[in-house]
Amino acid sequence: MKWQITKFRLYLFLAGCLLGPGLTARAESNLAGFAMENTQNTEFDCSMPIILAPLIQGIRNNAANDRRSTSGPQKCDTIRTVFEIGNFIPDERDESEYDNFIMITYQMPETTCKLYIKNNIVMKIEQANLTGKDNVYFQTIVSEVAELNFDDPSYLAMTQEAILKVFANECILLKLRQGVHKAVMDLTITDDVDVGTIKFTDENLEYRFCYYKGQMENAGFMFDNAGDKKLFFSMTVVKGNVVFANVYDDIVANGFDCGFYANRGLSFYLAMANEKFADVITWSLHGASTRTYPLEVWLKQGRPTN
């Protein structure tokens with residue numbers, strides 16, 4: 001049964017991330033560039049689209065200079081990159097506000113991303129390049145989650161905890177050891193969509209993503225040991241809200257799968273401990289009613305949410 005659900009999670013993630021909701025639906029493309037530059041967003045929920053923006057924009061620039069077609073998805077040339085993960089010393093104000101300080105340094109393009117972290121969630125990003133241009137972005141999800149309101153206090157608490165755990169695992173670079181890393185990146189683009197794979201070659205890890213206009217749609221992080229893929233994190237976002245996620249430890253033995261309604265309330269929660277799944281808990285909209293299913297029954301009934 002564990003293999004069945006793991007395969008189910010991997011299928012859901014790969015279907016969304018490889019196809020990308022926007023990639024085929026928005027095929028007409030003039031390769032205008034990564035949307036982060038156009039929108040100048042200063043707020044974010046997901047940190048990875050911002051952190052990867054310099055790499056994506058560099059690939060897009062090369063694609064624009066060597067355009068193979070004027071419309072449709074374009075497969076860009078594979079790039080190999082080197083980056084370093086380390087700590088930096090914050091000023092006194094930031095030191096009192098956050099509890100961890102990580103700097104990502106890319107060699108090409110030469111860019112630094114300073115990550116200000118609290119409770120494992122990236123709360124602020126400072127991005128700088130050789131031109132001296134600094135961009136500062138601020139996390140909004142923590143305050144938005146704090147403002148959620150449901151009648152059932154236990155449902156509210158479980159929903160808030162689940163969302164924060166998802167975002168505490170969203171920045172996959174924090175899972176890598178500190179030091180120098182090598183990566184291979186493949187990217188397929190349209191005007192608005194970036195679908196890519198990053199393989200961290202020295203650690204058998206792989207990150208897959210689909211971003212639309214610089215915003216998260218799908219992402220997942222997995223071990224890839226000679227084709228033996230084990231997915232231990234993924235998230236799917238629709239109109240700015242997480243609708244599906246799974247969060248597991250690095251041996252895929254403890255964690256959970258979960259789903260959310262458009263109002264960010266939990267729709268289902270499936271926990272795993274010591275490689276054993278618990279029963280599935282489901283809720284109706286707003287948490288008005290709840291049911292518990294044995295896992296096999298839930299699957300046979302088409303994964304109902306109440």
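The model is predicted, so local features are given only at pLDDT of at least 70 and side-chain atom pairs only at pLDDT 80 or more, while totals for chains, interfaces and linings use all residues. Residues are numbered from 1 along each chain as its sequence is written, and side-chain values rest on heavy atoms, with hydrogens and water left out.

The chain contains eight helices and 17 strands; these are DSSP runs numbered from the N terminus, helices being H or I with at least four residues and strands E with at least two. Of its 306 residues, 51% count as buried. Buried here means under 20% relative accessible area, exposed means over 50%, and partly exposed lies in between (1.4 Å probe, protein chains only). Among contacts in the chain with a separation of 6 or more, 47% are between residues 24 or more positions apart, a contact being heavy atoms within 4.5 Å.

Side chains of opposite charge can pair when their charged atoms come close. The structure holds 11 salt bridges, each defined as a side-chain nitrogen of Lys or Arg within 4 Å of a carboxyl oxygen of Asp or Glu.

One of them joins the side chains of E144 and R264, at 2.8 Å from N to O. This pair links distant parts of the chain: E144 sits in helix α6 (residues 141-146), and R264 in the loop between β14 (255-260) and β15 (266-273), 120 residues apart. R264 is buried, with a relative accessible area of 13%, whereas E144 is partly exposed at 26%.

R177 takes part in two of the bridges described here, with D202 and with E203. In the bridge to D202, the closest N and O atoms are 3.1 Å apart. D202 lies in the loop between β9 (193-200) and β10 (205-212) and R177 in the loop between α7 (153-170) and β8 (179-189), so the bridge ties together parts 25 residues apart in sequence. D202 is partly exposed, with a relative accessible area of 38%, and R177 is partly exposed at 40%.

For the bridge between E203 and R177, the closest N and O atoms are 4.0 Å apart. E203 also lies in the loop between β9 and β10, so its pairing with R177 ties together parts that are 26 residues apart in sequence. E203 is partly exposed, at 22% relative accessibility. Elsewhere, salt bridges that share partners join D45, E144 and R264 into one network.
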